[in-house]
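Have it open while you read.

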Amino acid sequence: MSVNVRAVQVRLMALGYKLGVGGADNILGPMTKRAVADFQADRKLPVKWPGTIGPITLAALFEGAEGAAEAGALAPALNLAVPWYAEATRRLGLHESRDRTSLMDWLKSDGETLGDPTKLPWCGDFVETAIALTLPNEPLPANPYLARNWLKFGVELGFPALGAIAVFWRGAKTGISGHVGFVRATRQSDGAIVVRGGNQGNAVTDALLADERLLGYRWPSTFELPTRRAREVETMQELSTDEA
């Protein structure tokens, strides 16, 4: 989840956990991770990776009347997102031609890359890079650059949670072409999915894809499962029919 780290730090300090000289510096550094892990241990939270901030941890952290009010006020910032979604969000706006060097540098920053985004479809490369950089222990699918291969990633998820990996068919449902990105929201009127991803209009953008094109939602096996659906929105954005 893309978490407002400062809000979490402020809450931890209010509960008596020490963060070191940096205090609420909005950096998820080792002292903050240690404080989160201590909190998780004290509350006996069922988390796989201590120090990771997920839905279970946030719910416990902001429980109670005071915490609930604080969490409500900070809901847009906390947003119950995920680390890989936050990483993807930081790349919003990068264009494969205008920002070619910056985009290529980021796509290869995990040690692997498909190649030149101006010549090759890079939605899978985008998803792979965001996850590899933030979840180094997470097994990746074979050939993650082929969008449909993400149907073999992690575990199946039965609903559109924020940050879930959404896999779509492109061209024909029974073909080999596809598209992959991260769930941001769903459209209230028809269930269309707002996808934050790469190679959408030749850039990192939010695109609206029809839910009948969906092949499945996936979630990392090494990260705690989400407990709520992505928010519903109303948008006049036109449906994407051929991501590029």
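## A glycine in a loop

G93 counts as partly exposed, with a relative accessibility of 38%. (Buried means under 20% relative accessible area, exposed over 50%, and partly exposed in between, using a 1.4 Å probe and protein chains only.) Before going on, note that this is a predicted model: local features need pLDDT of at least 70, side-chain atom pairs count only at pLDDT 80 or more, and totals for chains, interfaces and linings use all residues. Residues are numbered from 1 along each chain as its sequence is written, and side-chain values use heavy atoms, with hydrogens and water left out.

You'll find G93 in the loop between α6 and α7. Leaving aside residues up to four places away in sequence, G93 touches R98, D99 and V204; contact here means heavy atoms within 4.5 Å. From G93 to P220 it's 127 residues in sequence and 25 Å in space, C-alpha to C-alpha.

## One side of a helix

Next up is α7, residues 100-107, where the buried residues are L103, W106 and L107. They cover an arc of only 100° around the axis, so they sit on the same side of α7. (That arc is taken from the directions from the helix axis to the C-beta atoms.) These buried residues of α7 pack against α6 (83-89) and α8 (123-134). Helices (H or I, at least four residues) and strands (E, at least two) are DSSP runs, numbered from the N terminus.

## Strands side by side

Strand β5 (residues 203-209) has five of its seven residues buried, so β5 is largely enclosed by the rest of the structure. Its partner β4 (residues 193-200) pairs with β5 in the antiparallel sense over six bridges, and V195 stands opposite A207 in β5. Two strands pair if DSSP finds at least two bridges between them. The β4 and β5 hairpin has two residues between the strands, and G201 takes a positive phi near 65° there.

Now look at β6 (residues 214-219), which runs antiparallel to β1 (residues 155-157), with three bridges joining them. L157 has Y217 in β6 as its bridge partner. Strand β2 (residues 165-169) also pairs with β6 in the antiparallel sense, over four bridges, and F168 has L214 as its bridge partner in β6.
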